[in-house]
Amino acid sequence: MFIEDIMYEILRPISVKYEEDMNKAKRMTTNELYCAIESQTEIFSNKEIERQGTIIFPTPGCPHNVRDGKHCGCSFCDWNEDAIVNVAYVTELRKRNPVLYKEIQKKYMEKVFSRRKVCFLEEFAIQDCFSDYQITDEEMKALLLKDNNYMEKPIVGLVQVRADSVTDTKVKLWKRVVKKRMTLGVGVETGDEWIRNHWLNKKIYDSDIMNCISIAHQNNCNVCANILMELPGLNVKQNIICVMEAIDKLSEMGCDSIMLSPLVKKKYTIQQYLDNPLLSEDWHKFYYILLVLYKIANMEKRKKEKIMISLLNFKDYCSNIKDKECRNSFKRLLEPLYDIGAMKGFDNILRCYDSLCREDVFIQYMQMVNSLEGKEEIYNTLLFSAKVLQKKVAHDNDEYISKFHNEIESVMKNEI
């Protein structure tokens, strides 16, 4: 697919570094490798993350990203590059000495829980907790279930998984980690299956999501679908439509909650190469987020009650806002929504919108938004964005864009 070709190109520097680090790891003794990883686990000791109950322990990295030593994952995410223990070192240690691999994970957990108590809600945030590539059942039992007197069980557990990894056996095993309720956090990103796979390179299908929800509910677990508030390459108007359609679709599928995340610009992603004129300025970002939340605030109650916003992702997003007044406006807008089921926060959204809609600058912004192409032009918009990526990433290789053009023609024929 086009997006796979593009991601291989974008992530080529990471693939090269991974190979170099893997060769370096192979030259180390097992003890040297163990010590190198142990020294890096301070990366995980972010006290703010720990206070919020987020646990990210060392693993060989995202199984969807690393394939035969090359990197080609989700087009909007660069997790394997972003502040995790060197995945090449961890991969080599696990292969060479599984006992020491489990020991390094246990040491990290001990380090975390020597600083704080277990939170009411703990999030296990490796990319796919149900993937044997990241953590086998035996490793999971050793890390989280056997003789772990340093860690009480949280009341609620949020376990991040890929929808296509969910099985009855895995759910039953992980349920033993929590006292009462387990929620599966599933990266869905958008309700549009074609965009999810042909543009975001997620490789998750609607049937995977339905199966995940069915298995979770059969085991008295919840499902939280994570979606993006902005899809790279689409205009503001199209993005608003996509968010609303995703909420409608996922609600009807049976998702118990829906987590909204802003799109954060990261180095090894397609959004790094694509500019959205109506999201280029700080206040444009604020207006856009407000518009999405305003639309949600006017939805029927049963859907609105499912909405949550990602505290960590929004803090990352807002850290890039340079205008102090805009940062403060984001804080006032979002804080009432950080708690699960914070319905009162939507009253604040309505008040903020009513106040802004009389200001000239916001009126002008809305006029620009309304003048944009809508959902009916979404494939043309993506084709234009693909051409930008081809020029910036693939050195104008016509094979890339021809492939994407064929992919679009194929889906349009099926829709007719």
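Me: Where does S310 lie?
Reply: In this predicted model, S310 lies in the loop between β9 (307–309) and α14 (311–318).

Me: Why is S310 called buried?
Reply: Its relative accessible area is 10%. Buried means under 20%, so S310 is buried.

Me: Nice! Now the helices: why are α10 and α11 called oblique to each other?
Reply: The axes of α10 (residues 206–218) and α11 (residues 236–253) cross at roughly 45 degrees. Roughly parallel needs under 35 degrees and roughly perpendicular 65 to 115, so this pair counts as oblique.

Me: Which residues make that contact?
Reply: From α10 come D206, I209, M210 and I213, and from α11 come K249, L250 and M253. By class, five are nonpolar, none is polar and two are charged.

Me: What makes β1 and β9 edge strands?
Reply: The open sheet has seven strands in the order β1-β4-β5-β6-β7-β8-β9, with parallel pairing. β1 (54–55) and β9 each have a single partner strand, so one side of each has no neighbour in the sheet.

Me: How do you know that β1 and β4 pair?
Reply: Pairing needs at least two bridges, and β1 and β4 (residues 121–124) have two, in the parallel sense. In one of the strands, β4, F124 is the bridge partner of I55.

Methods. Residues are numbered from 1 along each chain as its sequence is written. This is a predicted model: local features need pLDDT of at least 70, side-chain atom pairs count only at pLDDT 80 or more; totals for chains, interfaces and linings use all residues. Side-chain values use heavy atoms; hydrogens and water are left out. Axes are lines fitted to C-alpha atoms, for helices over the stretch in contact, and angles run from 0 to 180 degrees between N-to-C directions. Helices (H or I, at least four residues) and strands (E, at least two) are DSSP runs, numbered from the N terminus. Angles under 35 degrees count as roughly parallel, over 145 as roughly antiparallel, 65 to 115 as roughly perpendicular and the rest as oblique. Contact means heavy atoms within 4.5 Å. Ala, Val, Leu, Ile, Met, Phe, Trp, Tyr, Cys and Pro count as nonpolar, Asp, Glu, Lys and Arg as charged, and the others, Gly among them, as polar. Buried means under 20% relative accessible area, exposed over 50%, partly exposed in between (1.4 Å probe, protein chains only).
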